[in-house]
Amino acid sequence: PLEGLAISAFILMMIGATAKAGSMPFHSWIPNAAVDAPLPFMAFVPAALEKLVGIYFLSRITLDLFKFTPHSWLSTLLMVIGAVTILLAVMMALIQTDYKRLLSYHAISQVGYMILGVGTGVPAGIVGGIFHMINHAMYKCCLFLTGGSVEKQAGTTDLKKLGGLAKAMPITFICFIVAAASISGV
């Protein structure tokens with residue numbers, strides 16, 4: 001188990017990794033960036049790259065740098081951060097009316113699953129967190145890119161004004177359905 005200065009070093013590195021991944025309470029920049037940035041940028045940088053770097057770093061410090069053990073208080077801390085991130089971010093996503101903000105809050109929620117998996121400290125949980133990191137990068141990029149296509153066609157990302165675009169944009173619709181099925185676990 002970790003002792004003394006190693007605990008402080010682990011906690012500081014954990015804060016850095018979770019902040020890079022966009023976990024709560026370090027998430028506030030993501031929805032604001034989504035509204036202001038072009039969707040192709042959001043597809044690749046915050047939706048994929050930021051999460052990949054943060055979760056990969058978190059998994060490396062728990063697996064390689066420190067002797068991280070399951071059922072320790074640090075494991076519980078990571079799992080609590082993950083669970084709180086899942087719940088609060090998905091509740092925020094439910095009340096959004098802007099497509100980009102909705103996807104951003106959902107991306108934050110998905111980071112919680114990754115942190116929860118790594119926080120278990122068991123091989124199946126860590127592998128699940130890393131696998132979900134890769135899965136999330138693929139489907140979230142697709143969702144942001146289809147959102148960019150819809151924004152260009154419709155001129156808005158307001159969910160109340162969108163609808164009935166499947167006939168006008170069949171390829172975008174098919175790509176969106178594939179990504180939406182992936183996000184749903186199909």
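How many positive and negative side chains does the protein have, and how far apart do the centres of the two sets lie? The protein has 11 positive and 7 negative side chains, with 7 Å between the centres of the two sets. Here Lys and Arg count as positive and Asp and Glu as negative, while His and the chain ends are not counted. Each charge is placed at NZ of Lys, CZ of Arg, CG of Asp or CD of Glu.

## Basis of the model

This is a predicted model, in which local features need pLDDT of at least 70 and side-chain atom pairs count only at pLDDT 80 or more, whereas totals for chains, interfaces and linings use all residues. Residues are numbered from 1 along each chain as its sequence is written, and side-chain values use heavy atoms, with hydrogens and water left out.

## Overall architecture

The protein contains seven helices and zero strands, giving the pattern α-α-α-α-α-α-α along the sequence. Helices (H or I, at least four residues) and strands (E, at least two) are DSSP runs, numbered from the N terminus.

The C-alpha trace spans about 60 × 30 × 25 Å along its principal axes.

## Surface and interior

Of the 186 residues, 45% are buried. Buried means under 20% relative accessible area, exposed over 50%, and partly exposed in between (1.4 Å probe, protein chains only). The protein exposes about 9,300 Å², and carbon and sulfur atoms supply 73% of this area; accessible areas come from the Shrake-Rupley method with a 1.4 Å probe, and for residues only the protein chains shown count as cover.

Phe-10 lies in helix H1 (residues 5–21) and counts as buried because its relative accessibility is 0%. Phe-10 and Phe-68 are 58 residues apart in sequence, and their C-alpha atoms are 9.3 Å apart in space. Leu-94, in helix H4 (residues 73–94), is exposed because its relative accessible area is 70%.

His-132 belongs to helix H6 (residues 123–154) and is buried, with 17% relative accessibility. Its side chain makes a polar contact with the side chain of Gln-110 (2.6 Å). A polar contact is a pair of N or O atoms within 3.5 Å; within protein, one must be able to donate a hydrogen and the other to accept it, and residues adjacent in sequence count only if both atoms are side-chain atoms.
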